[in-house]
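Please keep the model open while you go through the points.

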Amino acid sequence: MTQFKIGDKNIDFIFQGRDILYPNPIKDGLILWYDYKSMKNSNVNRNSSQDLTNTIENVGIHDGFIYNSGSGYGKKGIKFDGIDDKITPYVKNADGTAGVLDFKKINNGQKYSVDITLKLSEVHFEQGSEIFLTGGTNGRFWINLIKMNGEYWLSNSTYFGSEGGRANTFSLSSRNINLGDEINITVTYNKEDYMILYINGEEVEKTQLSDIEITSTQDSELITVIGATQSDSYYRRFNHELYSLKIYNRVLTEQEVKHNYKLEKSRFGL
């Protein structure tokens with residue numbers, strides 16, 4: 001992937017009308033795309049996240065940010081304080097309606113992909129931090145950073161109820177990835193097949209989901225926000241710097257995951 005430049009200045013976005021020519025991630029099935037490169041705390045539109053899919057006029061609503069070095073835009077993304085900072089995303093649903101991101105409305109919460117690029121915080125919460133978490137209980141999905149036996153681990157999990165759930169757990173320390181490092185995380189989720197975890201474009205773990213017979217009543221909503229919902233919340237304690245977020249209504253292939261990672265690597269210098 002090539003970083004576009006004018007002279008010695010990097011160009012973050014190239015538009016043709018409302019369409020984005022660069023960067024060019026996989027667009028098929030892309031229903032939400034936030035990218036915070038070039039955003040500054042002084043921008044007049046700092047209080048919202050623009051969905052670059054251009055499928056919806058609504059924007060992601062920001063709450064709690066005070067727009068300084070600890071809570072607001074940094075060099076490459078938007079920094080969450082891990083206390084009350086949060087973003088409420090809005091998307092266009094398959095039925096044409098628009099509303100807050102609800103994974104239940106993405107193939108009934110059965111098939112999707114989540115692609116996140118971020119800088120891990122240098123401060124680690126004792127109970128871990130949620131990189132991504134849907135709302136709800138039965139049917140929920142999450143990605144979290146935890147510390148076990150002196151090593152940092154990335155875990156992504158799902159839970160269905162009395163049937164339990166499944167998880168992928170991978171040691172970041174085994175790849176020399178530490179607090180303060182930049183990282184791309186992609187999870188593809190298919191209830192009829194596998195849940196696969198990718199780190200920096202490489203598949204590192206996968207677990208089968210198709211053999212789980214769901215008998216528990218599943219939640220009717222899986223409303224999702226990024227960040228904290230309350231200052232003392234055990235979950236949603238996101239204190240990292242988010243560079244970009246992409247949500248797909250389908251399962252990305254390994255080649256597509258690699259394509260997106262190479263693009264992020266070039267743009268953000270991962």
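This is a predicted model: local features need pLDDT of at least 70, side-chain atom pairs count only at pLDDT 80 or more; totals for chains, interfaces and linings use all residues.

1. Residues are numbered from 1 along each chain as its sequence is written, and side-chain values use heavy atoms, leaving out hydrogens and water.

2. The whole structure holds 13 aromatic pairs. Rings of Phe, Tyr and Trp (its six-membered ring) pair if their centres lie within 6.5 Å; planes under 30 degrees apart are stacked, over 60 edge-to-face, the rest tilted.

3. Y36 and Y73 form a tilted pair, with 6.4 Å between centres and 40 degrees between planes. Y36 is in the loop between strand 5 (30–35) and strand 6 (48–49), while Y73 is in strand 8 (residues 72–73). Strands are DSSP runs (E, at least two residues), numbered from the N terminus.

4. Are these two tyrosines buried or exposed? Y36 is buried at 3% relative accessible area, and Y73 is buried at 5%. Buried means under 20% relative accessible area, exposed over 50%, partly exposed in between (1.4 Å probe, protein chains only).

5. F80 and F238 have ring centres 4.7 Å apart and planes at 80 degrees, so they pair edge-to-face. The two are 158 residues apart in sequence. F80 is buried at 0%, F238 at 2%.

6. Ring pairs join Y34, Y36, F65, Y67, Y73, F80 and F238 into a cluster.

7. The charged end of K206 sits over the ring of Y194, 4.4 Å from its centre. This requires NZ of Lys or CZ of Arg within 6 Å of the ring centre and within 35 degrees of the ring normal. K191 lies over the face of F160, 6.0 Å from the ring centre.

How values were computed:
Helices (H or I, at least four residues) and strands (E, at least two) are DSSP runs, numbered from the N terminus.
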